[in-house]
Every structure is written in C-alpha cells, then in structure tokens.
Amino acid sequence: MIDLHIFEFPLSLILALALVSCIFLSCKYLKGRNPVSRLLSLILLLLSSALLAVEGSWSFGIFHHWTFITVTVLVLIALGLTSINDFSHKSLSAFLSHSGLFLVLLGGLFGAPDATNAFMKVYKGGGDEHIAIDAGGYAVPLPFSVSLEDFNIDFYEDGTSPKQYTSTLSIDGIKLQTSVNHPCRYRGYRIYQSGYDMVSGHYSVLKISRDPWLPLVAFGALLLLFGALLSLRIAWNRRKVLVAALFLSVIFAFISLARISFGTLPPALRSLWFVPHLIAYMLAYSILALAVIVGFASLFSTKIPESLPERLLSTASSLLLIGMMCGAVWAKQAWGDYWTWDAKECWAAATWLLTLAGTHAPRKRLKFTFAVIAFLAMQMTWYGVNHLPSSTQSLHTYNQEKSI
C-alpha cells in the first residue's frame with residue numbers, strides 16, 4: 001500500500017507535468033505513426049476492467065497499490081498519445097472522449113494526495129471544533145471553526161421514515177445549513193451531512209471535503225460528455241430497434257424500481273440526478289442486451305447489417321458513460337466524492353470498459369465476445385453486487401445509516 005501523503009503538492013503537480021511532457025515528447029518522436037496499437041488498448045482495457053471487478057467484489061483498497069497506479073499511468077500514456085493522434089486526424093468525437101478521460105484520470109490520480117476528506121462530530125452546545133479526522137485516523141486541522149447550533153430530522157407523513165437530515169452550523173460565527181444532497185461551502189471547503197447520533201440526536205457527523213484538482217476533473221468530464229453525445233450514432237430510424245430498446249428498458253426499469261418505495265425515499269435518493277441517472281442506465285442495459293442478441297444473430301445471418309451490432313454496442317457504451325457521470329455528480333452532492341470505489345461503481349465502470357473493448361476489437365466474433373462479457377458484468381452491476389463481500393460497505397444498499 002502507498003501512503004499518498006508523500007505525493008502532496010507541489011510534488012503531485014511536478015509529477016503530473018512530467019508525465020504530460022513525456023507524452024508530448026514521445027508523440028513528437030513517434031509522429032507519422034499510430035502511437036498506440038489496438039492490441040495494447042485492448043490489453044489495458046481488459047486489465048483495468050479486471051482490477052475494477054476485483055475491487056468491486058472484495059474492496060481490497062487496490063487503488064492504493066502500486067499495481068493499480070502503474071496500470072493507471074500506462075492508461076494515461078495511451079490516452080495522451082491517442083488524443084494527440086485524434087487531434088492531428090481531426091477526429092472530434094474520439095478526441096473529446098480520449099482527452100476527456102485523460103483529464104479525469106490525471107486529476108483523479110495526481111489530485112488524490114491533495115484532496116481533503118475528513119469527518120468530525122459536532123455536539124449541540126459543545127463549542128467550536130477545528131480538527132477533523134481522516135480515514136487513516138490522522139488529525140486534519142481546519143482553517144476555520146465549526147459548532148452545531150441545531151440538528152433536525154424531517155419525516156414523511158408516516159412519522160418514522162426520514163425525509164431529510166439538516167444541521168444548522170456556525171462556521172467562524174457565520175450561520176450555515178447543510179443537509180443531504182445540499183452541502184454548504186466555506187473558504188474552498190464543502191461541508192456535508194454525513195451522519196448523526198441515532199440514539200439521542202445530540203451530535204451531527206460532518207464530512208469536510210476539499211479537492212483542488214476538481215476543476216480539471218470536471219472539465220474532463222464535460223469533454224467526455226460531449227464525446228459520448230457525439231458518438232451516439234445508433235440507427236433510430238429502424239423502428240424495430242427503437243421499439244425493442246424501449247420495451248427492454250421498461251422491463252429493466254420496472255424490476256429495478258419495484259425495490260424502491262417512492263413514497264418514503266431515503267434522503268440520498270431525493271436528488272434531481274436520480275431520474276437521468278436511472279434513465280441512462282436503463283436504456284444502456286436494454287441496448288446492450290440488444291447488441292448481444294443482434295450480434296449473436298449476425299453470426300448466422302447475412303441479412304443483418306454488419307455495422308448494426310457495433311453501433312448498438314457503441315451506443316450502449318455512450319449511455320453507460322452518461323449514466324455513470326450523472327451518478328458521479330450526484331455522489332459529489334450527496335457524499336462529497338464523485339468516486340468512492342463502491343462495489344456498484346466499480347462494476348459499472350468495468351462494464352463500460354468492456355463495451356469499449358468491444359468497440360475497439362478488430363473482428364466481429366471478438367466484438368460479440370466482449371459484448372457478452374460486458375452483458376454478464378452488467379448483471380453483476382445490476383443485482384450481483386448485493387451478494388458479494390463488498391456489499392457490506394456499499395453505499396448502494398441504502399440501509400438506515402448509509403441512506404444519509
């Protein structure tokens with residue numbers, strides 16, 4: 001395991017600039033050639049998918065291990081070289097997608113040592129607090145003081161199901177409120193409602209978050225979004241494909257929503273991002289299922305256009321990305337992290353990478369194989385993670401403590 005604190009600013013910035021410089025110098029040396037082979041791209045996609053699946057199944061904390069960091073650096077190099085190649089060939093959709101993912105991973109990897117994520121308990125009438133504790137148990141001094149003036153729980157009409165948790169705070173003498181999905185901000189920090197005293201309600205648990213690299217990640221995510229929208233090139237004029245996709249998405253949505261009681265939604269689900277997040281994933285799941293069905297049929301029939309299975313797979317991949325990005329924004333508002341290495345997050349990312357592997361595969365049978373593997377990974381994302389060892393730490397189980 002690696003102690004990220006040793007790579008804090010300015011070393012994090014120096015290392016990031018060194019990597020970017022090496023990529024540009026390598027690209028100049030390799031000019032006129034395809035800098036990243038399709039085989040290398042497939043290997044990196046499969047290796048990244050495998051690591052995400054392992055983390056999503058057992059929560060080893062593999063993202064702190066040299067193996068994962070090495071793979072991420074290799075992915076960054078491949079993405080950087082490919083982005084420059086896309087730009088020179090004026091491939092807008094590919095450039096936006098590759099460069100966007102490059103910036104997200106760059107900001108996530110090198111920004112991790114500089115991010116602050118710590119927790120503090122503030123008590124009613126307990127006075128000012130200015131020390132938080134991070135996940136490793138280290139004290140994190142804050143440049144401001146916090147005290148709890150009041151803590152309230154709003155209930156639904158049944159009187160027992162919590163609708164919202166709200167802390168009224170005094171931060172350096174300024175009165176602010178924080179609640180689930182609605183963090184308050186102060187001096188570059190975000191203060192989230194994370195927990196509370198479930199016995200007597202005498203204290204509130206706050207998460208204190210600061211991420212100086214977040215603007216870079218957000219800009220990369222925006223490029224990714226534009227790239228995903230540009231790559232949505234499914235033949236919607238084919239009515240049979242459209243009807244089948246909508247029919248399957250309704251089935252997926254019904255099964256998924258049947259487990260949710262909308263009359264007493266937990267606070268974490270009361271977000272505007274819930275609807276686009278769910279719709280994008282349901283459409284992606286249905287189109288991925290269609291890609292497998294059509295891909296299997298195309299192996300035995302010449303009547304199916306050869307490009308249709310690939311277009312379906314590409315569309316499913318774009319929708320998976322859009323759904324994942326909606327979830328990331330939602331998670332940032334609710335819990336203070338756009339990525340928490342949650343079991344469902346990891347399997348969703350692995351599914352998306354496998355669909356990308358399918359679109360990068362050179363042969364029809366290999367594309368179909370990746371589509372099938374991605375479909376199986378999708379089953380793990382959808383309901384299989386509930387039966388894995390990592391589910392005990394998952395934020396997607398929505399029990400009473402995690403619903404905050």
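The protein chain carries 10 helices and eight strands. Helices here are DSSP runs of H or I with at least four residues, strands are E runs of at least two, and both are numbered from the N terminus. The radius of gyration is 23 Å, close to the 22 Å that the globule rule gives for 404 residues, so the chain is as compact as a globular protein of that length. That radius is taken over C-alpha atoms, and the rule is 2.2 Å times the number of residues to the power 0.38.

This is a predicted model, in which local features need pLDDT of at least 70 and side-chain atom pairs count only at pLDDT 80 or more, while totals for chains, interfaces and linings use all residues. Residues are numbered from 1 along each chain as its sequence is written, and side-chain values use heavy atoms, with hydrogens and water left out.

**Overall dimensions**

Along its principal axes the C-alpha trace spans about 75 × 55 × 35 Å. Buried residues make up 51% of the 404 residues. Buried means under 20% relative accessible area, exposed means over 50%, and partly exposed lies in between (1.4 Å probe, protein chains only). The chain exposes about 20100 Å², and carbon and sulfur atoms supply 66% of that area. Areas come from the Shrake-Rupley method with a 1.4 Å probe; for residues, only the protein chains shown count as cover. Among contacts between residues at least 6 apart in sequence, 67% join residues at least 24 apart. A contact means heavy atoms within 4.5 Å.

**Salt bridges**

Side chains of opposite charge can pair when their charged atoms come close. The structure holds four salt bridges. Each needs a side-chain nitrogen of Lys or Arg within 4 Å of a carboxyl oxygen of Asp or Glu.

Lys124 is partly exposed at 39% relative accessibility. Asp150 is partly exposed too, at 29%.

Lys367 counts as buried because its relative accessibility is 15%. Glu310, at 29%, counts as partly exposed.

**Helices and surface**

Helix H7 (residues 274–298) has 25 residues and should span 36 Å at 1.5 Å a residue; its end C-alpha atoms are 36 Å apart, which agrees. The expected span is 1.5 Å times one less than the number of residues. H7 is mostly covered, with 18 of its 25 residues buried.

Phe226 lies in helix H5 (residues 214–230). Its relative accessible area is 42%, so Phe226 is partly exposed. With Phe219, Leu222 and Leu229, Phe226 forms a nonpolar surface patch of about 380 Å² accessible area together. Patches take residues with over 30% relative accessible area and no salt bridge, joining like charges within 9 Å and nonpolar side chains (Val, Leu, Ile, Met, Phe, Trp, Tyr) within 5 Å.

Ile255 lies in helix H6 (residues 239–257). Ile255 is partly exposed at 43%.
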